[in-house]
Amino acid sequence: RKMSSNRLADTVPRNVLDDIYRCSFKRQTGVSLKYIIDFGQYPIERQMIVSARFLHKELPVRLAHRVAELENLPHGLSEKKRVLKVRDMYVESFKELREFPAIHDMVDEVKFTTLLSKIYERHANVVPLLALGVAELKKDFGTTAFRDLPEIHQFLDGFYMSRIGIRMLVGQHIALKTQAEDYIGLINIKVRPCVVAQHAIDDAREMCLRLYGSAPEVKVYGDNDFSMAYVPGHLHQMLFELVKNSLRAVQDRFEDDPDPPPIRVIIAQGGEDVTIKVSDEGGGIPRSGLPRIWTYMYSTAKISILDAQLADGCELNTPAVLAGYGYGLPLSRLYARYFGGDLQIISMEGYGTDAYLHISRLGNVQEPLP
């Protein structure tokens, strides 16, 4: 009996397959935060049509790059059920975009935006889906051997970075339809880092309270009125992750102490960067373990929970849900780098950890497209 094949060549019509590979050889076009802001400042009809045309041309190229990659992963990862599901999702969206006719006027643009919303929804659970595919591979190899598969971690970095870019461009176009005060699409031109930090702290402390019954204090230092242009959702996600890690470390180290040392969040404005330092006295990480915090699936959390939640079909892309699956830190670093920033972790074993989140103020760095 012949084994059924999951290769694209056996599941997709020849002309679609050729088109995917043709597009996967085209160069992706990166944009910068500054360009997105300048472009979206006056979303008149002509601008919306130009934006729709750009996405009509650009998105199939980006999707095709990912499909080609998903089809050729090492160590049998391409054959995992969840990975195939993600690949087929990308193929489906690719086909719909390629079949969509040229965009001439606002009637076409409205129809195209409807398609974009459908694609945006379809891809909502890609991160946990892929996480489960990778978790299966980790089970096949065993944790230690899995750690020595740098190409899998490189693939995930590239794939998730590309996904942040696709969701940013699609989400931005959709969001330009509904203008809120101080917003240009998804970008708030007056984000106050102190305020976003406080919201992230409140969310992380609430989670800590639920898990442990108490939560260390977190103090914020910085100019409360300072504002800059950024995507508040990205900033919240990164700060939530860093504060949550610090809370957990301090809570574990001082579990019997009624008065654990507070966590400090310091916000500094430089000419090029805004830097946010999250500083704790949670005991730190051994130096030999530091590289490991950037690998996916480092966390000890139970992937089976993720599996059960995915079966329920619930919304899995919230930072709180992803935080427990060893994706929080590597994903946060990708969010930081997407707009030209970075995330660094410095640790003093036996004392505590400092996380430095750099956010580019200039916003003139092109997307780092894998």
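Which residues are buried in α5? In the predicted model, the buried positions of this helix are R82, V83, L84, V86, R87, M89, Y90, V91, S93, F94, E96 and L97. Helix α5 comprises 19 residues, and the span from its first C-alpha to its last is 27 Å, close to the 27 Å expected at 1.5 Å a residue. The protein as a whole contains 14 helices and eight strands. Of its 370 residues, 53% count as buried. Among contacts between residues at least 6 apart in sequence, 78% join residues at least 24 apart.

The packing of α2 against two other helices was examined next. Two packed helices are described by the angle between their axes and the distance between the axes. The axes of α2 and α5 come within 11 Å and cross at roughly 90°, so α2 is roughly perpendicular to α5. On the α2 side, this contact involves V16, D19, I20 and C23, and on the α5 side V91, F94, K95 and R98. By residue class, the contact of α2 with α5 consists of five nonpolar, no polar and three charged residues.

The α2 residues I20, Y21, C23 and S24 meet P60, V61, A64, H65, V67, A68 and E71 of α4. The residues of the contact of α2 with α4 divide into eight nonpolar, two polar and one charged.

The loop between α4 (45–71) and α5 (81–99) includes K80. With a relative accessible area of 15%, K80 is buried. The side chain of K80 makes a polar contact of 2.6 Å with the side chain of D140. Apart from residues up to four places away in sequence, K80 touches G133, E136, L137 and D140. The loop between α4 and α5 also contains H75, which counts as partly exposed at 35% relative accessibility. Most residues other than glycine have a negative phi. The phi of H75, by contrast, is near 60°, a positive value in a residue other than glycine.

A positive phi is likewise found at D182, where the angle is near 70°. Residue D182 is placed in the loop between α9 (150–175) and β1 (183–184). At 29% relative accessibility, D182 counts as partly exposed.

Because 16 of its 22 residues are buried, α11 is largely enclosed by the rest of the structure.

Strand β6 (residues 273–280) contains D280, a buried residue with a relative accessible area of 5%. The C-alpha atoms of D280 and A249 lie 8.0 Å apart in space, although 31 residues separate the two in sequence. A polar contact of 2.7 Å joins the side chain of D280 to that of S246. When residues up to four places away in sequence are not counted, D280 touches S246, V250, I263, Y351, G352, T353 and D354.

The segment after β8 (352–360) includes E367. This residue is buried, with a relative accessible area of 5%. A polar atom of the E367 side chain lies 2.9 Å from the backbone nitrogen of V31. With neighbours within four places in sequence left aside, E367 is in contact with T29, G30, V31, R62, G165, L169 and Y338. The buried charged residues described here thus include K80 in the loop between α4 and α5, D280 in strand β6 and E367 in the segment after β8.

Technical notes: Residues numbered from 1 in each chain as written. Predicted model: local features only at pLDDT ≥ 70, side-chain atom pairs only at ≥ 80, totals over all residues. Heavy atoms only, no water. Helix = DSSP H or I, 4+ residues; strand = E, 2+ residues; numbered from the N terminus. Buried < 20%, exposed > 50% of the residue type's maximum accessible area, 1.4 Å probe, protein only. Polar contact = N/O pair within 3.5 Å; in protein donor to acceptor, adjacent residues only side chain to side chain. Contact = heavy atoms within 4.5 Å. Expected span 1.5 Å × (residues − 1). Axes fitted to C-alpha atoms, helices over the stretch in contact; angles between N-to-C directions. Parallel < 35°, antiparallel > 145°, perpendicular 65-115°, else oblique.
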